[in-house]
Amino acid sequence: QVQLVESGGGLVQPGGSLRLSCTGSTTVNPMGWYRQAPGKERELVALFNRDRSIKYSDSAKGRFTISRDKAWSTLSLEMNSLKPEDTAVYYCLGLYGSASIWGPGTQVTVSP
């Protein structure tokens, strides 16, 4: 079965940290993280480009770190200094051959 599964979301206070993980099934390579807040469009958080360079959104720079395992089967997002505006559903984007697929998402809520 071709799929991605995210984990690690939850409720955290402002200034706190969370670590998200995304695991792909066989032949699926997780590549990046996006997020979607209520009433807003899905936006990039962090992404491994095809040349393996990393792109961060301006809001993620300096606070979030994307990483992957050597087998490129698991992708992580370390999020520090979280703010209420980081509240969103976080989605993992993966590649299955040349096709893009999405995980179901994991909710991150930053609130006192």
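This is a predicted model: local features need pLDDT of at least 70, side-chain atom pairs count only at pLDDT 80 or more; totals for chains, interfaces and linings use all residues.
Cys22 and Cys92 are joined by a disulfide, with 2.1 Å between their sulfur atoms. A disulfide is a covalent bond between the sulfur atoms of two cysteines. This structure holds 1 disulfide, and the link connects distant parts of the chain: Cys22 sits in strand S3, Cys92 sits in strand S9 (residues 88-96), and the two are 70 residues apart. The angle about the S-S bond is -85°, and the link of Cys22 and Cys92 is left-handed.

Are the two cysteines buried or exposed? Cys22 has a relative accessibility of 0%, so Cys22 counts as buried. Cys92 also has a relative accessible area of 0% and is therefore buried.

**The sheet around S3**

Strand S3 belongs to an open sheet of 4 strands, arranged in the order S1-S3-S8-S7 with antiparallel pairing. Strands S1 (4-7) and S7 (64-68) stand at the edges; each has a single partner strand, so one side of each is left without a neighbour in the sheet. From one strand to the next, the twist averages 15°.

Strands of a sheet pair through backbone hydrogen bonds, either parallel or antiparallel. Here S1 and S3 (residues 18-24) run antiparallel and are joined by 4 bridges.

In soluble globular proteins, nonpolar side chains tend to be buried together. In this model, the largest nonpolar core has 31 residues, and those that touch the most other members are Trp33, Val45, Phe64, Leu77, Met79 and Tyr90. The elements giving two or more residues to this core are S3, S4 (28-36), S5 (43-48), S7, S8 (74-79), S9 and S11 (106-110).

**Aromatic pairs**

A pair of aromatic rings is described by the distance of the centres and the angle of the planes. The count comes to 3 aromatic pairs, and two of them are shown here.

| Pair | Centre to centre | Angle between planes | Arrangement |
|---|---|---|---|
| Phe48 and Trp72 | 5.6 Å | 65° | edge-to-face |
| Tyr91 and Trp102 | 6.5 Å | 90° | edge-to-face |

Phe48 lies in S5 and Trp72 in the loop between S7 and S8, so this pair ties together parts that are 24 residues apart in sequence. Both Phe48 and Trp72 are buried.

Tyr91 lies in S9 and Trp102 in strand S10 (residues 99-102), so their pair ties together parts that are 11 residues apart in sequence. Tyr91 is buried, with a relative accessible area of 14%, while Trp102 is partly exposed at 39%. Which residues do ring pairs link into a cluster? They are Tyr34, Tyr91 and Trp102.

Methods: Residues are numbered from 1 along each chain as its sequence is written. Side-chain values use heavy atoms; hydrogens and water are left out. Two strands pair if DSSP finds at least two bridges between them. Axes are lines fitted to C-alpha atoms, for helices over the stretch in contact, and angles run from 0 to 180 degrees between N-to-C directions. A disulfide is a pair of cysteine sulfur atoms within 2.5 Å. Buried means under 20% relative accessible area, exposed over 50%, partly exposed in between (1.4 Å probe, protein chains only). A nonpolar core is a set of buried Ala, Val, Leu, Ile, Met, Phe, Trp, Tyr and Cys residues joined through side-chain atoms within 4.5 Å. Rings of Phe, Tyr and Trp (its six-membered ring) pair if their centres lie within 6.5 Å; planes under 30 degrees apart count as stacked, over 60 as edge-to-face and the rest as tilted.
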